[in-house]
Amino acid sequence: MMPRRSWEDDDLVLLRDNARRFFQRECVPHELRWRAQHHAEREIWNKAGAAGLLCASIPEAYGGGGGHFLHEAVICEEQWHGLSYAFSNNVHSGIVAHYLLAYGSEAQKRRWLPGMATGEIVTAIAMTEPGAGTDLQRIRTQARREGDHYVLNGSKIFITNGLHADLVCVAVKTDATAGAKGVSLLMVETKVDGQDRPGFRRGQPLDKIGQKMNDTTELFFDELRVPVENLLGETEGQGFAQLMQQLPRERLIIAVGSVALMRRALDETLAHVRERQVFGAPLMAQQNTRFKLAECETQVQVARAFVDDCIAKLQAGTLDVPTAAMAKWWTTDTCCRVVDECLQFFGGYGFMNEYPIARLYTDVRVGRIYGGANEVMKEIIARSLEKR
Ligand SMILES: Cc1cc2nc3c(=O)[nH]c(=O)nc-3n(C[C@H](O)[C@H](O)[C@H](O)COP(=O)(O)OP(=O)(O)OC[C@H]3O[C@@H](n4cnc5c(N)ncnc54)[C@H](O)[C@@H]3O)c2cc1C
């Protein structure tokens, strides 16, 4: 179980309890089936919306929960600790909703946020392309202006929520000659009358080594017409700056989730080593077990303390890009090590997908890759050191 945090007031305790019960009831029983089919059913979004778990940090005026980052952190912790991340609320509520809130016009906010809060609209963010992931300036998806429409051509890869997305925030080139300044964000509505629009196509969920229950897909745009009023921001060419501004928040939510995954790994392992007998005594009695688990618990608590400090900074508006990068790389890296140490205590059972520790082992690996590869995080930190 996730322990109560120092910053949790009664409202957040209630939310945590509500979230935990929701994930236990609506997701845990379906986890293995969702993993096998590589996606959850679409209705999970509507159920999560009805339970008040979507857009928790969006103002009530736009249909959201009226909370702040702490509300999102609590929901994220419970979702990740419960291995219930088949639908990416972090992308939907934590990222796309905040792009709309920060850069959307009043009309855009009123058009999409209320539906996002109920789960009627599922969202995704599409930056990565086959030829450009880390180096986003090199994206090639092009938006050509034709009267009051943009015409989109190109493709995106590894897009979380790609199968169910009704609305996708797509990074496009509005000026192919301008590098970062040619990047814009367009809100693409994928469906008309319940069917994918002409010119828009999505691939089947990709076969990943971990997080198998998330629908991660390719998206294809072929002369797709998007109204110019779907541009995010008042003028073209702001996309790169918009992406950069939101990164600390996005990276912190990955760190929050990573701490929850470490906690789950330790919870699983403690239950196992108390129960499992070796040479006439519980595995917990072995000095190696005690020392290794003491090290793991220390790392989880240190990670949690650092993440809590980052959360306090974010709330105060002082979380800078290098500090968020530290939280992202260190927690995802530590998470992989902690889960690996924990798995060892399960022996052969740790290699069986039936056991949560085995699923955790493959699920956590991507943390070091997405949200900005950890090498890039270190580069950001190093650059800040040069300026000191
Ligand atoms: C499960 C999953 C979900 C994802 N969800 C989304 C999503 O919803 N939306 C989206 O847009 N994208 C998503 N992605 C894409 C993800 O963000 C990219 O995979 C990531 O940014 C890396 O880009 P790339 O795969 O093109 O690797 P590359 O850019 O080719 O990088 C490969 C490796 O090169 C190294 N490297 C790169 N740059 C540097 C550098 N400057 N210094 C040193 N080393 C470097 C790193 O080790 C990196 O891992 C997802 C990916 C996965 C696997």
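**Figure 1. Surroundings of Pro227 in the predicted model.** Leaving aside neighbours within four places in sequence, Pro227 is in contact with Asp148 and His149, in a model that is predicted. Pro227 itself is found in strand S9, which covers residues 216–227.

Figure 2. When residues up to four places away in sequence are not counted, Ile311 touches Trp7, Phe69, Leu70, Ala73, Leu252 and Val256.

**Figure 3. His38, a residue with positive phi between two helices.** His38 lies in the loop between helix H2 (31–37) and H3. The phi angle of His38 is near 65°, a positive value in a residue other than glycine. The relative accessible area of His38 is 16%, so this residue counts as buried under the cut-off of 20%.

**Figure 4. Phe279, a residue with positive phi between two strands.** Phe279 is placed in the loop between strand S10 (277–278) and strand S11 (281–282). Although Phe279 is not a glycine, its phi is positive, at about 50°. Phe279 counts as exposed because its relative accessibility of 84% is over 50%.

**Figure 5. Gly347 in the loop between H9 and H10.** The loop between H9 and H10 contains Gly347, which at 43% relative accessibility counts as partly exposed. Gly347 and Lys191 are 156 residues apart along the chain, and a distance of 48 Å separates their C-alpha atoms.

**Figure 6. The protein chain as the setting for the close-up views.** The protein chain contains 11 helices and 11 strands, and its C-alpha atoms fill a box of roughly 80 × 50 × 40 Å along the principal axes. For 388 residues, a compact globule would have a radius of gyration near 21 Å, and the value of 21 Å for the protein chain agrees with this. Buried residues account for 55% of the 388 residues. Of the contacts between residues at least 6 apart in sequence, 73% join residues at least 24 apart. The chain exposes about 17,100 Å², of which carbon and sulfur atoms supply 53%. There are 46 positive and 49 negative side chains, and the centres of these two sets lie 3 Å apart.

Technical notes. Residues numbered from 1 in each chain as written. Predicted model: local features only at pLDDT ≥ 70, side-chain atom pairs only at ≥ 80, totals over all residues. Heavy atoms only, no water. Helix = DSSP H or I, 4+ residues; strand = E, 2+ residues; numbered from the N terminus. Rg over C-alpha atoms; globule rule 2.2 N^0.38 Å. Buried < 20%, exposed > 50% of the residue type's maximum accessible area, 1.4 Å probe, protein only. Contact = heavy atoms within 4.5 Å. Areas by Shrake-Rupley, 256 points an atom, 1.4 Å probe, with all protein chains shown as cover. Lys, Arg positive; Asp, Glu negative; His and termini not counted. Charge placed at Lys NZ, Arg CZ, Asp CG, Glu CD.
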